[in-house]
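Dear colleague,

Please find the structure below, handed over for your review. The findings follow directly after it.

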Amino acid sequence: ERSTVTPANAYIAIVRWEIERSDAVVDADGNTEAPVIFLAAGSGGTVDVGVQASVVSEIDDDAVIRFADDAREARDETLDNEPVKDDGVMLLIDEFEPDQVSVEARIVRYQSIDDDRAWILELAANGDGAEVISATLVTE
């Protein structure tokens, strides 16, 4: 049976892509902290609970994963540029056609009003799940 990109392994691959490309978070004592990553469906609404459970168990200690039903839950709206809470990043993941050998997913990577970029990620199934094989910044 051929491997395909499922919603769960796509989300896991997208989180791994974010962890690999982001700078380490260092606390006041110089200790490296796990990055905080909020995940939200680009269309709004709740990410499937099975997908949530898979992502949290697979990522484990590599990042603090929080799911937001609404993007506003992840932002600190009391501050001018509405940064993501806890120095985190929010990934808004648009719906994509799952269960293909490779899929294209559009995401928005949001840290604040001033740092908000859309990417097209190409994901391919591999023996372990899926991986991001290309990432293209969407220019307005």
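Which residues of H1 are buried? In H1, the buried residues are Ala8, Asn9, Ala10, Tyr11, Ile12, Ala13, Ile14, Val15, Trp17 and Glu18, where buried means under 20% relative accessible area, exposed over 50% and partly exposed in between (1.4 Å probe, protein chains only).

The model is predicted, so local features need pLDDT of at least 70 and side-chain atom pairs count only at pLDDT 80 or more, while totals for chains, interfaces and linings use all residues. Residues are numbered from 1 along each chain as its sequence is written, and side-chain values use heavy atoms, with hydrogens and water left out.

Helix H1 and its partner

Helix H1 covers residues 7-21, 15 residues in total, and reaches 21 Å from its first C-alpha to its last, close to the expected 21 Å (1.5 Å times one less than the number of residues). Helices (H or I, at least four residues) and strands (E, at least two) are DSSP runs, numbered from the N terminus.

H1 packs against helix H2 (residues 49-59) at an angle of about 40°, with the axes 9 Å apart; axes are lines fitted to C-alpha atoms, for helices over the stretch in contact, and angles run from 0 to 180 degrees between N-to-C directions. The two helices are therefore oblique to each other (angles under 35 degrees count as roughly parallel, over 145 as roughly antiparallel, 65 to 115 as roughly perpendicular and the rest as oblique). On the H1 side, the contact is made by Pro7, Ala8, Tyr11, Ile12, Val15, Arg16 and Ile19, and on the H2 side by Val51, Ser54, Val55, Glu58 and Ile59, contact meaning heavy atoms within 4.5 Å.

Loop residues

Aspartate 60 lies in the loop between H2 and strand S4 (64-67) and has a positive phi of about 50° although it is not a glycine. Glutamate 82, in the loop between S4 and strand S5 (89-93), has a positive phi of about 45° and is likewise not a glycine. Most residues other than glycine have a negative phi.

Alanine 74 is also found in the loop between S4 and S5, and counts as buried because its relative accessibility is 0%. Not counting residues up to four places away in sequence, alanine 74 touches Phe38, Pro83, Val84, Lys85 and Met90. The C-alpha atoms of alanine 74 and lysine 85 are separated by 5.9 Å, with the two residues 11 apart along the chain.

Leucine 79 is found in the loop between S4 and S5 and is partly exposed, with a relative accessible area of 43%.

Yours sincerely
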